[in-house]
Amino acid sequence: MQQPNKIRHHINAIEQTSKITSAMELISSNRMRQVMKHIEHNRRYFAYIRRTMKELLISSQNVSHPFFAERPRNLVTYVVISGDKGLCGSYNSTVLNFAMEHIKATPGASLITLGHTAEAFFHSRGMTPDINFLGIVQDPTLARAREVAGELTDLYEKQLTDEIRIVFTSFYGEIKGQPVEIRLLPIKLFDYEDIIDAEALNEIIYHPSAQTVLDMMVPQYIIGVVFGVMVQAYASEHYARMTAMHSATSNAREMISGLQTMYNLARQSAITNEIAEITSGAELLRGEQSHDGEYQQQQQQQ
């Protein structure tokens, strides 16, 4: 059995760790509350712009846009969104391994990352991202989404890539907490097969023209999609971290409870040993005193 002081030291170390994990859980919980104020609006906006784009695609026989044009799929760019930090369970590893499988299955794929962990993950596997956005995933604002969308559309317009796909962790529906992949560019009708309430808008009159409306709509759609996936990834990361830290705190408390029992047993054992040693010493001392008394009586009799 371990010494009581060693067990006490172990308990103190776990208590300090428990305080850290509990604080991180509270921080992630607070950030989740903040993002949940906007996540439902974001979900509705994300669904609305996808439905609107499908309706435009259905009704766009007389309009065209460079982002609709079919290209030979020679170079595919993957945009991978992970977290800037760890301690969030399997959140980072799941989405990064998912992205790696898709990249390996696409010969000549290029890479853009959002997040420190994504950059480190691919660097460790001999892959250097062409562009790496740092610090953006911790504060997914619309301005930052415009910055990312601007870089992506610039690559596509300059024909430096033929297709752009985004890999992120979903926060909605049945696939909540799971990594998903969506096509950002080019925009194709069959990417919206899950939208069943869209309809052709043949009776709508566009001003000044349908082409002008489409030219204004498509860039805003790209920004909206980028912002939507950034918000989903942000919410998914903090949900995963909150869950992981709650589990870690609970495990720490269970360990402390078990160690406290061991500590009490060790102290009881130590006290019992001390009492036994004291009793043995007292018995030995009484034996010596009795022996000395008998010796003195013998001397007196002589």
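1. Two strands count as paired if DSSP finds at least two bridges between them. Helices (H or I, at least four residues) and strands (E, at least two) are DSSP runs, numbered from the N terminus. In this model, I166 has I182 in β5 as its bridge partner.

2. The model is predicted: local features need pLDDT of at least 70, side-chain atom pairs count only at pLDDT 80 or more, and totals for chains, interfaces and linings use all residues. Residues are numbered from 1 along each chain as its sequence is written, and side-chain values use heavy atoms, with hydrogens and water left out.

3. The chain holds five helices and five strands. Along the sequence they follow the pattern α-β-α-β-α-β-α-β-β-α. Of the 302 residues in the chain, 41% are buried. Buried means under 20% relative accessible area, exposed means over 50%, and partly exposed lies in between (1.4 Å probe, protein chains only). A contact means heavy atoms within 4.5 Å. Among contacts with a separation of 6 or more, 76% join residues 24 or more positions apart.

4. The strands form an open sheet of five, in the order β3-β2-β1-β4-β5, with mixed pairing. Its edge strands are β3 (131-133) and β5, each of which pairs on one side only. On average, neighbouring strands of this sheet are turned by 20° against each other, direction ignored. For such angles, axes are lines fitted to C-alpha atoms, for helices over the stretch in contact, and the values run from 0 to 180 degrees between N-to-C directions.

5. Strands of a sheet pair through backbone hydrogen bonds, either parallel or antiparallel. Both kinds are found at β4. Strand β1 (residues 76-81) pairs with β4 in the parallel sense over five bridges, and V76 stands opposite E163 in β4. On β5 (residues 179-185), β4 pairs in the antiparallel sense over six bridges, and T169 has P179 as its bridge partner.

6. How much of β4 is buried? Seven of the seven residues in β4 (residues 163-169) are buried. Both faces are covered, with E163, R165, V167 and T169 on one side and I164, I166 and F168 on the other. Strand β5 is also mostly covered, with five of its seven residues buried.

7. D84 deserves a separate point. It lies in the loop between β1 and α2 (91-104). D84 is buried yet has no salt bridge, and the nearest side chain of opposite charge, R144, is 7.3 Å away. Here Lys and Arg count as positive and Asp and Glu as negative, while His and the chain ends are not counted. A salt bridge is a side-chain nitrogen of Lys or Arg within 4 Å of a carboxyl oxygen of Asp or Glu.

8. What does the side chain of D84 reach at 2.8 Å? It reaches the backbone nitrogen of H116. A polar atom of the D84 side chain also lies 3.4 Å from the backbone nitrogen of G135. A polar contact is a pair of N or O atoms within 3.5 Å; within protein, one must be able to donate a hydrogen and the other to accept it, and residues adjacent in sequence count only if both atoms are side-chain atoms. Not counting residues up to four places away in sequence, D84 touches G115, H116, T117, G135, V137, Q138 and E237.

9. H116 lies in helix α3 (residues 116-124). H116 counts as partly exposed because its relative accessibility is 37%. Leaving aside neighbours within four places in sequence, H116 is in contact with G83, D84 and L134. H116 and S82 are 34 residues apart in sequence and 7.7 Å apart in space, C-alpha to C-alpha.

10. Is H238 buried or exposed? H238 counts as buried because its relative accessibility is 1%. It is found in helix α5 (residues 210-301). Not counting residues up to four places away in sequence, H238 touches S28, R31, M32 and Q138.
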